[in-house]
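This briefing concerns the protein shown below.

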Amino acid sequence: MAELHHHTLPLCPEAAASLQLGDMVTLDGPIVVTAGIPTHQRILDCIRDGHNPPIGLDNAAFFHLGSYSKAGDDGFDVLYMNPTTSTRFNAMMPEIIRHFRLRCVGGKGGLDADCAKALGEVGGVYLSFLGGGAPLISGAIRRIRQVAWDDLIAHYRLVAMEVERLGPLTVAIDARGNSLYDSLAERAAARRAEILAKLASAREKAAGS
């Protein structure tokens, strides 16, 4: 049965390994967010050039969260956050996951099999955010720690922040590389023939009535 867990970041390997598919999680502590493909490309450039990115990502919680932000004299203020589709970053994430040994990745829509394999290798998990849950997610922000790559639009910048009670988030890929998305797809495929047969039967009955 799925359980609700609360963890403080950075997530230790034992805590990540204890999470099961479908479990719900709330988080306290530091996270790093971005919604930009250019941001991911810059992170890959750092890896391949042997440089550290401006915000440390080792063992981090790295989330695909878009934000509406305001930069002013008082600093950078995130007015709201919402998950963006992680599958947009499928091609980039395996290298990022392995290099930084990311302990938590998250967003909406999941990641593909190559990303799940990378998470299994480093003992990391993918956490699915509630789509349209901006008030709940934004309410967890406590402070902005650092903003990098200011030349990008605010939505794409790399932002480190502190959160409190972020979630609940669903464990959709576990630390062994098992994916809830894959198991749901397999169950749907298994039922497809049965559903199509019922629809065909219903159409025949309707046509004969």
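In this predicted model, Arg42 and Asp151 form a salt bridge whose closest N and O atoms are 2.5 Å apart. A salt bridge here is a side-chain nitrogen of Lys or Arg within 4 Å of a carboxyl oxygen of Asp or Glu. Arg42 belongs to helix H2 (residues 37–49) and Asp151 to the loop between strand S7 (141–148) and strand S8 (158–173), so the pair ties together parts that are 109 residues apart in sequence. Helices (H or I, at least four residues) and strands (E, at least two) are DSSP runs, numbered from the N terminus.

**Basis of the values**

- Residues are numbered from 1 along each chain as its sequence is written, and side-chain values use heavy atoms, with hydrogens and water left out.
- Because the model is predicted, local features need pLDDT of at least 70 and side-chain atom pairs count only at pLDDT 80 or more, while totals for chains, interfaces and linings use all residues.

**Salt bridges**

- The count of salt bridges comes to 7.
- Arg42 is partly exposed, at 24% relative accessibility, whereas Asp151 is exposed, at 57%. The classes are buried (under 20% relative accessible area), exposed (over 50%) and partly exposed (in between), with a 1.4 Å probe and protein chains only.
- Glu95 and Arg48 are joined by a salt bridge through their side chains, at 2.6 Å from N to O. This pair links distant parts of the chain, with Glu95 in helix H3 (residues 93–100) and Arg48 in helix H2, 47 residues apart.
- Glu95 has a relative accessibility of 28% and counts as partly exposed; Arg48, at 52%, counts as exposed.
- A salt bridge also connects Arg142 with Glu164, where the closest N and O atoms are 2.7 Å apart. Arg142 lies in strand S7 and Glu164 in strand S8, so the pair ties together parts that are 22 residues apart in sequence.
- Arg142 is partly exposed at 46% relative accessibility, and Glu164 is partly exposed with a relative accessible area of 38%.

**Helix H3 and its surroundings**

- The buried residues of H3 include Met93, Pro94, Ile96, Ile97 and Phe100.
- Seen down the helix axis, the buried residues of H3 fall within an arc of 165 degrees, so they line one face of the helix. The arc is that of the directions from the helix axis to the C-beta atoms.
- An α-helix has 3.6 residues a turn, so residues three or four places apart point the same way.
- The cover over the buried residues of H3 includes H2, strand S3 (61–72), strand S5 (104–107) and helix H4 (113–122).
- Just after H3, Arg101 takes a positive phi of about 50 degrees.

**Overall fold**

- The protein has 6 helices and 8 strands, in the sequence order β-α-β-α-β-β-α-β-α-β-α-β-β-α.
- Its C-alpha atoms fill a box of roughly 70 × 35 × 35 Å, taken along the principal axes.
- Of the 209 residues in the protein, 46% are buried.
- Among contacts (heavy atoms within 4.5 Å) between residues at least 6 apart in sequence, 62% join residues at least 24 apart.

**Surface and charge**

- The accessible surface comes to about 10,500 Å², of which 52% belongs to carbon and sulfur atoms. Areas come from the Shrake-Rupley method with a 1.4 Å probe.
- The mean positions of the 21 positive and 23 negative charges are 6 Å apart. Lys and Arg count as positive and Asp and Glu as negative; His and the chain ends are not counted. The place of a charge is NZ of Lys, CZ of Arg, CG of Asp or CD of Glu.
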